[in-house]
Amino acid sequence: KKWSKGKTQEKTNNAIVWSEGTYEKLLTEVPTFKLITPSVVSDRLRVSVALAKQGLRHLEAKGIIRNIVRHSSQYVYTRVTVEEKEEEKPEEAAGEEVAAEEAE
């Protein structure tokens, strides 16, 4: 009887540090994805999952994307829509007006 060799999956050669090109893609392309996970970013930008997680935390801190699900094994993000940005602005403006009134 002939035994099958089995299927072997090719090992991906993902980057482990940010290069200028991949960092620019992170800032420009990733916020356009509808569903953003470390796995998706790793696959599309050809970076390691650990590096993708770091990049997503960076984008969340900048306010470019927002977190939906924060689970111990998987994070799910989505893009920040225009409506959400508009909701944040009136709150900031109101805070500045109160500070201006207190200064007088």
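Helix α1 crosses helix α3 in a right-handed way, a crossing being right-handed if the near helix is turned clockwise from the far one by less than a right angle, and left-handed if anticlockwise. This is a predicted model, so local features need pLDDT of at least 70 and side-chain atom pairs count only at pLDDT 80 or more, while totals for chains, interfaces and linings use all residues. Residues are numbered from 1 along each chain as its sequence is written, and side-chain values use heavy atoms, with hydrogens and water left out.

The axes of α1 (residues 20–28) and α3 come within 11 Å and cross at roughly 45 degrees; axes here are lines fitted to C-alpha atoms, for helices over the stretch in contact, with angles from 0 to 180 degrees between N-to-C directions. The two helices are therefore oblique to each other (under 35 degrees counts as roughly parallel, over 145 as roughly antiparallel, 65 to 115 as roughly perpendicular, and the rest as oblique). On the α1 side, the contact (heavy atoms within 4.5 Å) is made by Tyr23, Leu26 and Leu27, and on the α3 side by Gly55, His58, Leu59 and Lys62. Sorted by class, that makes four nonpolar, two polar and one charged residues; Ala, Val, Leu, Ile, Met, Phe, Trp, Tyr, Cys and Pro count as nonpolar, Asp, Glu, Lys and Arg as charged, and the others, Gly among them, as polar.

Helix α2 (residues 38–45) also meets α3, with axes that come within 8 Å and cross at roughly 115 degrees. That makes α2 roughly perpendicular to α3, and this crossing is right-handed too. Pro38, Val41 and Ser42 of α2 touch Val49, Ala52, Lys53 and Leu56 of α3, a set with five nonpolar, one polar and one charged residues.

Then come the strands. β1 (residues 65–70) and β2 (residues 75–79) pair in the antiparallel sense over five bridges, where pairing takes at least two DSSP bridges. Valine 69 has valine 76 of β2 as its bridge partner, and a hairpin of four residues joins β1 to β2.

How confident is the predictor? The mean pLDDT (confidence in each residue, from 0 to 100) is 82 for the protein, and 78% of its residues reach 70 or more.

Technical notes
pLDDT = per-residue confidence, 0-100.
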